[in-house]
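Here is a short briefing on one protein structure. Look over the sequence and the fold, then read the points below.

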Amino acid sequence: IVYKEVSKFPAVRRDLPMLVDKTVTFGALTKIAHQSERKLLKDVNVFDVYQGDKLPAGKKSYALSFTLQDEEKTLTDKTIDAIMQKLIHNFGKEAGAEIRK
């Protein structure tokens, strides 16, 4: 058993809906996310997957949530926004993801 003190600084959750090819898996998106942000990204979860006639052929929609936390200080909006922009860029570049608005 490894003991680790609970952080005094709050975790932040951000959600991101995206449109990807049906061949893209949640595992691939998780890998891209953790390669994009190694230090502050604590968890990636999927809370919605949609495949249906309202989407373009060969596409599916994923809605992911990201938990960010710094063990040494409170995260600022500027830092969080920079991380999310990096994630959006890398999802687009590596998985062909389009962010849904």
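Glu37 lies in the loop between helix 1 and strand 2; helices (H or I, at least four residues) and strands (E, at least two) are DSSP runs, numbered from the N terminus. The model is predicted, so local features need pLDDT of at least 70 and side-chain atom pairs count only at pLDDT 80 or more, while totals for chains, interfaces and linings use all residues. Residues are numbered from 1 along each chain as its sequence is written, and side-chain values use heavy atoms, with hydrogens and water left out.

**Glu37 and its partner**

- Glu37 is buried, with a relative accessible area of 10%. Buried means under 20% relative accessible area, exposed over 50%, and partly exposed in between (1.4 Å probe, protein chains only).
- Not counting residues up to four places away in sequence, Glu37 touches Ile83 and Lys86. Contact means heavy atoms within 4.5 Å.
- The side chains of Glu37 and Lys86 are joined by a polar contact of 3.3 Å. A polar contact is a pair of N or O atoms within 3.5 Å; within protein, one must be able to donate a hydrogen and the other to accept it, and residues adjacent in sequence count only if both atoms are side-chain atoms.
- Glu37 and Lys86 also meet in a salt bridge (3.3 Å, N to O) between their side chains. Glu37 sits in the loop between helix 1 (26-36) and strand 2 (41-50), and Lys86 in helix 2 (residues 77-95), so the pair ties together parts 49 residues apart in sequence.
- Lys86 is partly exposed, at a relative accessible area of 36%.

**Salt bridges**

- Side chains of opposite charge can pair when their charged atoms come close.
- A search of the whole structure finds five salt bridges. The term means a side-chain nitrogen of Lys or Arg within 4 Å of a carboxyl oxygen of Asp or Glu.
- One of them joins the side chains of Lys59 and Asp21 (3.0 Å, N to O). This pair links distant parts of the chain: Lys59 is in strand 3 and Asp21 in strand 1 (residues 12-21), 38 residues apart.
- Lys59 is buried, with a relative accessible area of 16%. Asp21 counts as partly exposed, at 35% relative accessibility.
- Another salt bridge is formed by Lys42 and Glu71, with their closest N and O atoms 3.7 Å apart. Lys42 lies in strand 2 and Glu71 in the loop between strand 3 and helix 2, so parts 29 residues apart in sequence are tied together.
- Lys42 is partly exposed, with a relative accessible area of 37%. Glu71 is partly exposed too, at 34%.

- Four strands form an open sheet in the order 2-3-1-4, with antiparallel pairing. Strand 2 and strand 4 (98-99) stand at the edges, each with a single partner strand, so one side of each has no neighbour in the sheet.
- Two strands pair if DSSP finds at least two bridges between them.
- Strand 1 and strand 3 pair in the antiparallel sense over ten bridges. Leu16 has Leu64 in strand 3 as its bridge partner. For Asp15, the bridge partner in strand 3 is Ser65.
- Strand 2 and strand 3 run antiparallel and are joined by eight bridges. Leu41 stands opposite Leu68 in strand 3.

**Strand 3 and Ala63**

- Nine of the ten residues of strand 3 are buried, so this strand is largely enclosed by the rest of the structure.
- Ala63 lies in strand 3 (residues 59-68). Ala63 is buried, with a relative accessible area of 9%.
- Which residues are in contact with Ala63, leaving aside its neighbours within four places in sequence? They are Leu16, Pro17, Asn45, Val46, Phe47 and Asp48.
- Ala63 and Asn45 are 18 residues apart in sequence, and 8.6 Å apart in space, C-alpha to C-alpha.

**Helices over the sheet**

- Helix 1 lies across strand 1, strand 2 and strand 3, and runs at about 150 degrees to strand 2. Axes are lines fitted to C-alpha atoms, for helices over the stretch in contact, and angles run from 0 to 180 degrees between N-to-C directions.
- Helix 2 lies across strand 1, strand 3 and strand 4, at about 15 degrees to strand 1.
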